[in-house]
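Subject: Structure handover

Hello,

Here is the structure I said I would pass on. My notes on what was found in it follow.

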Amino acid sequence: MQKIKAPQENIDIYVWEGKSDIYDRIVRCLVSSEVDVMRADHMDLMPDQPKLSPSIAIISVTMIDGGRFNANDWQKAHGMPVIWVAEAPRAFDSRVYPPEYSHILMLDFTCAELRRLVFGLAGELHGGAKSAQERDPLIAESDVMKTLLKETVAFADCDSNVLIAGETGVGKERIARLLHENHQRYSKGPFVAVNCGAIPDGLFESHFFGHAKGAFTGAMLAHKGYFEQADNGTLFLDEIGDLPLYQQVKLLRVLEQSKVTRLGSAVEVDVEFRLVAATNRNLRELVKQEMFRSDLYYRMAVIELRVPSLEERGEVDKIAIFSGIVNQIFKNAARDSAPLPEVPDWLLRMVAHTRFRGNVRELRNIAERITIIHRQLGDWDKGAIDRVFHALQDLKVECDHEEQGGARKKWDAADRNRIIEALDAHNWRRQDTANHLKMSRKVLWEKMRKFQIIDGDPEPGEVEP
């Protein structure tokens with residue numbers, strides 16, 4: 001190990017040079033910085049415990065040739081990002097480097113290129129650690145929110161799966177992170193967050209189960225899916241109600257067996273994680289309508305938590321959250337110890353009496369817009385701020401009109417009936433139906449999801465236009 005002079009915070013650099021002669025060059029390039037550069041070819045590739053100090057690995061691609069490295073394994077076992085050193089023809093080949101291999105240096109890298117990448121990652125490491133430690137606390141002035149936080153802490157240190165319900169924007173992921181951070185064992189592992197509504201059709205298996213090397217064209221390296229990435233940690237599945245039925249059964253099987261098999265592999269891999277799922281839909285109602293599997297619901301909802309809406313939390317929480325966000329924005333932008341602007345009472349009253357349909361997310365948006373007004377105009381311009389709240393009320397009226405008559409009347413009933421008739425005519429073969437309707441199979445699938453069409457749906461005549 002060669003010790004190098006330092007300016008600010010210590011960073012450990014581990015170098016696996018393999019067949020490349022890069023260690024001495026890295027030492028020379030970083031001689032003016034405070035880092036510890038260590039030759040690591042002889043070290044254990046997968047230590048029992050992650051490094052506690054901020055660390056970065058610099059690895060030659062010649063180590064890949066031996067099949068010894070996987071970026072996901074590194075993130076989990078070492079807790080450090082990887083910089084790959086590659087020859088120019090291989091450097092940006094997406095077939096060789098999956099998305100997680102995002103930090104790549106040419107074999108003939110310059111000192112400036114090395115320092116820029118190392119110090120950029122070092123800043124992210126320190127910033128990430130700082131944000132985790134200084135994450136904005138959950139504001140809970142109302143009794144209903146205090147009760148939720150008390151329940152969250154009480155159930156955090158148990159291994160059972162959790163279902164979190166609540167409207168859009170209420171902070172379900174924040175509650176999920178609290179459950180993760182307060183678990184004695186799983187808090188030491190990863191927190192893997194997945195939006196189920198954003199999984200592309202046909203890629204569920206690859207995303208969740210991963211794939212083996214050579215499983216399909218372009219799969220030049222093995223890849224861990226979400227289940228394996230969350231091993232010994234927490235898997236957070238947001239918008240679980242948007243998961244199609246045929247994918248729900250695959251999730252259920254993993255929860256029951258605690259095993260996964262990657263695409264293109266016959267080897268089962270043991271996984272252990274805590275599942276925390278969230279939804280803004282009524283899953284019990286979906287179960288009754290046979291649009292959500294009852295066995296999966298009961299497997300997930302061992303512990304049920306409900307996050308109250310901002311309206312339920314009341315004026316006290318609205319004012320506290322708004323004031324906290326505004327003060328934090330001003331504090332981040334303030335120079336030296338300049339006093340923070342005081343929020344006027346008339347503005348706090350407007351916040352207290354406004355209904356925020358998007359809950360905390362919408363309130364944060366309004367707070368940011370108002371702080372921009374203050375910063376640009378130099379004061380709390382009532383006319384400009386009034387216009388922000390009037391626009392909010394106009395949007396509320398539009399949304400109210402859209403919701404009149406129930407959820408199903410928002411749909412184009414004629415289009416829904418036309419799709420059901422075509423499916424029936426073609427024995428529910430989707431490709432044939434898509435061809436008949438002169439649309440792609442993907443478009444047909446999206447329309448089926450939008451109109452909640454599943455096998456055994458009611459006849460077209462049963463849906464009133």
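A salt bridge here is a side-chain nitrogen of Lys or Arg within 4 Å of a carboxyl oxygen of Asp or Glu. Please keep in mind throughout that this is a predicted model.

Salt bridges

The structure holds 16 salt bridges. One of them pairs R185 with D159, whose closest N and O atoms are 3.2 Å apart.

A second pair to look at is R281 and D242, which meet in a salt bridge at 3.3 Å, N to O. The relative accessibility of R281 is 27%, so R281 counts as partly exposed. D242 has a relative accessible area of 28% and is partly exposed too.

The side chains of R306 and E312 form another salt bridge, at 2.8 Å from N to O. E312 is partly exposed, with 41% relative accessibility. Elsewhere, salt bridges that share partners join E17, D24 and R39 into one network.

R39 is found in strand β3 and is partly exposed, at 34% relative accessibility. What does R39 touch, leaving aside residues up to four places away in sequence? The contacts are V15, E17, Y23 and D24. With E17, the side chain of R39 makes a polar contact of 2.5 Å, side chain to side chain. R39 and E17 are 22 residues apart along the chain, and their C-alpha atoms are separated by 7.9 Å.

V15, one of those contacts, belongs to the set of residues that point one way from β2, together with I11 and I13. D12, Y14 and W16 point the other way. In a regular strand the side chains alternate between the two faces of the sheet. Is β2 (residues 11–16) mostly covered or mostly open? It is mostly covered, with 6 of its 6 residues buried.

β2 has two pairings to note. With strand β3 (residues 35–39) it pairs in the parallel sense over 5 bridges, and I13 stands opposite V37 there. With strand β4 (residues 55–60) the pairing is parallel over 5 bridges, and the bridge partner of V15 in β4 is I58.

Cysteines

How many disulfides are there? The count comes to 1 disulfide. It joins C29 to C111, with 2.1 Å from S to S. The angle about the S-S bond is -70°, and the link is left-handed. The pair connects distant parts of the chain, 82 residues apart: C29 is in helix α1 (residues 23–29) and C111 is in helix α3 (residues 111–133). C29 is buried, at 4% relative accessible area, whereas C111 is partly exposed, at 30%.

Two other cysteines have values on record here. C158 is partly exposed, with a relative accessible area of 22%, and C196 is buried, at 2%.

L243

C196 is also one of the residues that L243 touches; the others are F204, Q248 and L251, not counting residues up to four places away in sequence. L243 is in the loop between β11 (233–238) and α8 (245–257). The cut-off for buried is under 20% relative accessible area, and L243 is at 3%, so L243 counts as buried. L243 and I199 are 44 residues apart in sequence, and 8.8 Å apart in space from C-alpha to C-alpha.

Helix α14

Helix α14 (residues 359–377) has 19 residues, which at 1.5 Å a residue should span 27 Å; the end C-alpha atoms are 27 Å apart, so the two values agree. Which residues of α14 are buried? They are N359, E362, L363, I366, A367, I370, T371, I373 and H374. An α-helix has 3.6 residues a turn, so residues three or four places apart point the same way. Just after α14, G378 takes a positive phi of about 90°.

Regards

Definitions and conventions. Residues numbered from 1 in each chain as written. Predicted model: local features only at pLDDT ≥ 70, side-chain atom pairs only at ≥ 80, totals over all residues. Heavy atoms only, no water. Disulfide = S-S within 2.5 Å. Helix = DSSP H or I, 4+ residues; strand = E, 2+ residues; numbered from the N terminus. Buried < 20%, exposed > 50% of the residue type's maximum accessible area, 1.4 Å probe, protein only. Expected span 1.5 Å × (residues − 1). Contact = heavy atoms within 4.5 Å. Pairing = 2+ DSSP bridges. Polar contact = N/O pair within 3.5 Å; in protein donor to acceptor, adjacent residues only side chain to side chain.
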